[in-house]
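Colleague: I would like to learn how to read a model like this one. Please show me the structure, then take me through its features.

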Amino acid sequence: MNTAEIEQEFTQKIDAANDLGSLDTIRVEALGKKGRITELMKGLGKLDPDQRKEQAVVFNDLKNGVMAKLESRQSILKKAAMAERLKAEKIDITLDVRPERKGTIHPITQTMDEMIAIFADMGFSIHDGPDIEDDFHNFTALNFPPKHPAREMHDTFYLPDVEGAEGDAAKRLLRTHTSTCQIRAMLDQKPPLRKIVMGRTYRSDYDITHTPMFHQLEGMVIDKETNMGHLKGCLKTFCEKFFGVEDLPVRFRPSFFPFTEPSAEMDIGCSRSKGALKIGAGDDWLEILGCGMVHPNVLKNVGIDPDVYQGFAFGMGIERVAMLKYGIPDLRTFFEGDTRWNAHYGHDPLNKPNLATGS
Ligand code: DAH
């Protein structure tokens, strides 16, 4: 039998194979240890050198031809097998949930999703960090001097000291603010940076406006030409989108944070007539967040040259802005897990926030 006939015979068999198992049987028949083509190749040794060279080329072509056909048939059969499996394992997700059992999205989750939509549109990406932190990330790297009263202001929850470590290195704590992630972001990645961080923070405090666990949003931009004008523009845009108010008045008041210089607190315009708070142009102001230009010492602490880079940062309480936006009067109720509260203040799971439809 000549090689063309052999190739034709295998081609027919390959085309007729309907599953991966029978295709493999054909592969073994052709190219296995005792396969037809393998045997032909083995026979090459017995030929004289000139003939061997010639025949080797012919046999190789045969081998490559059959292999290519096997591979192409295999990929067709694999696709078919996958399609078959997907069909068999299909789950019908079109059935609606029972309306009386419908769950809701917690206002904190909803607010975070709204924040992501707005900041992502401005080019920010998300960074993260652990709830259990060390003294370095929570205080020292953020330019809190040792024994500085600002450390006490945070009512920190300390964990037992790390065994075998000493001084500040031994201290573990629940992060008191998400500013820890400024340090993490700058150590993880090189500037320019545009980051937001959202997550849980902890302070030992409990009353109508304080819970021991609450959430913060932190934002940070590090670049070569970043100034306070950018900071104000960024925050004004955020507040306008978040509260759905065009041309919202904002003002900066001087403040102090160890990790920013200058530091400011930002207020947004509001009116309080007959006890009803309304956000927008009015004769009153409402404090909403803390911000400032990242302190040169903070940049130095993470190995960024403050003569080349500067940046701004801001932080706000997520519950606080959610309470203002959705008219929720008591912070503590966020975490009580009362299903009536959840049903009342919760959001439709299918109504995902995005900029196109408003939040
Ligand atoms: N970390 C501050 C706090 O928890 C909030 C804050 C203020 C964050 C100013 C910042 C900032 O990034 O620039 O009270």
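Colleague: Let us start with a single residue. Which residues is C291 in contact with, leaving aside its neighbours within four places in sequence?

Modeller: Contact means heavy atoms within 4.5 Å. On that basis C291 touches L231, L235, F252, F257, T260, P262, S263, A264, A313 and F314. A264 lies 27 residues from C291 in sequence, yet 5.3 Å from C291 in space, C-alpha to C-alpha.

Colleague: What should I know about the model itself?

Modeller: This is a predicted model: local features need pLDDT of at least 70, side-chain atom pairs count only at pLDDT 80 or more, and totals for chains, interfaces and linings use all residues. Residues are numbered from 1 along each chain as its sequence is written, and side-chain values use heavy atoms, with hydrogens and water left out.

Colleague: Is C291 buried or exposed?

Modeller: Buried means under 20% relative accessible area, exposed over 50%, partly exposed in between (1.4 Å probe, protein chains only). C291 has a relative accessible area of 1%, so C291 is buried. C291 sits in strand β10 (residues 284-294). Helices (H or I, at least four residues) and strands (E, at least two) are DSSP runs, numbered from the N terminus.

Colleague: How do I read a nonpolar core?

Modeller: Take buried Ala, Val, Leu, Ile, Met, Phe, Trp, Tyr and Cys residues, joined through side-chain atoms within 4.5 Å. The largest such core here has 44 residues; M115, F119, L217, F238, F243, I268 and F314 touch the most other members. Helix α9 (residues 228-243) gives the largest share, 7 residues. A second, separate core has 20 residues, including F139, A150, V302 and I304.

Colleague: What does F243 touch, not counting residues up to four places away in sequence?

Modeller: F243 touches I268, I279, I288, V321, L324 and K325.

Colleague: Now the ligand. Which residues are closest?

Modeller: Near means a heavy atom within 4 Å. The ligand is surrounded by 15 residues, the closest being H177, S179, R203, Q216 and E218.
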